Amino acid sequence: MGTPRHRLTFDDLPPAVRRGLEEQLGTTVAEATNRQGGYSPSLAARCRLADGRVVFVKAVSPDQNAESPGILRQEATVSALLTTAAPAPLLLHVIDDGHWIVTVFEYIEGSLPTIPWSQPQLVRVLEATWALAGVEVPLGLPTVAERYGPILTGWRNLAAGSGLDGVLDSWALRHVDR
């Protein structure tokens, strides 16, 4: 029966979308290695190009999820504004026909962390998080707190509630106000 998947594969892209991608790249995709993981239904693929370059391609349409194209468009907008000082891959191309959105990033070798995370993996994530925290937010972009603060209220809601015994463990109960 095989492993279930929730992401598009490169072969799932309509021929017109693949042609548009290859036109933008100026060469053909010789090999696409689909990536799994994450929450999005979008394509996430390492693509080796006929000219030897390697890029990372993401693509989605509202056919997979109505919200996903807007999320990928926002990622492209933010990525285009980042400076090279940001610890993030460089955005190379955006193809948007109004239905399909395709982004092409420089490829950076990596892997998903094991579960549970190992100490070296945790250290790498914390170091990257601190490096990202030091990047100046480009003008016009909201901070994470401004953009998501109104919806990230779980701990505040818990702290304002009553009857948390049995809902939170003793450590969380002692620190919920923090």
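**Salt bridges and strand pairing**

Arg53 is partly exposed, with a relative accessible area of 34%. The model in which this value was computed is a predicted one. The side chain of Arg53 forms a salt bridge with that of Asp51, with an N to O distance of 2.8 Å. Asp51 is likewise classed as partly exposed, its relative accessibility being 44%.

The salt bridge between Arg53 and Asp51 is one of four in the model. In another, Lys58 is paired with Glu75, and the closest N and O atoms are 2.8 Å apart. Glu75, at 28% relative accessibility, is partly exposed.

A further salt bridge joins the side chains of Arg73 and Asp96, with N and O 2.6 Å apart. Here too, distant parts of the chain are linked: Arg73 is in helix α2 and Asp96 in strand β4 (residues 91-96), a separation of 23 residues. Arg73 is partly exposed at 26% relative accessibility, and Asp96 is partly exposed with a relative accessible area of 39%.

Helix α2 also contains Ser79. This residue is buried, with a relative accessible area of 15%. When residues up to four places away in sequence are left out, Ser79 is in contact with Leu91 and Phe105.

Strand β2 (residues 43-49) pairs with both β1 and β3. Five of the seven residues of β2 are buried, and the strand is thus mostly covered. The pairing of β2 with strand β1 (residues 29-34) is antiparallel and comprises five bridges; within it, Cys47 of β2 is the bridge partner of Ala32. The pairing of β2 with β3 is also antiparallel and comprises six bridges. In this pairing, Ala45 lies opposite Val57 of β3.

Strands β2 and β3 form a hairpin, with four residues between the two strands. Gly52, in the turn of this hairpin, has a positive phi of about 100 degrees.

Key: Residues are numbered from 1 along each chain as its sequence is written. This is a predicted model: local features need pLDDT of at least 70, side-chain atom pairs count only at pLDDT 80 or more; totals for chains, interfaces and linings use all residues. Side-chain values use heavy atoms; hydrogens and water are left out. Buried means under 20% relative accessible area, exposed over 50%, partly exposed in between (1.4 Å probe, protein chains only). Contact means heavy atoms within 4.5 Å. Two strands pair if DSSP finds at least two bridges between them.
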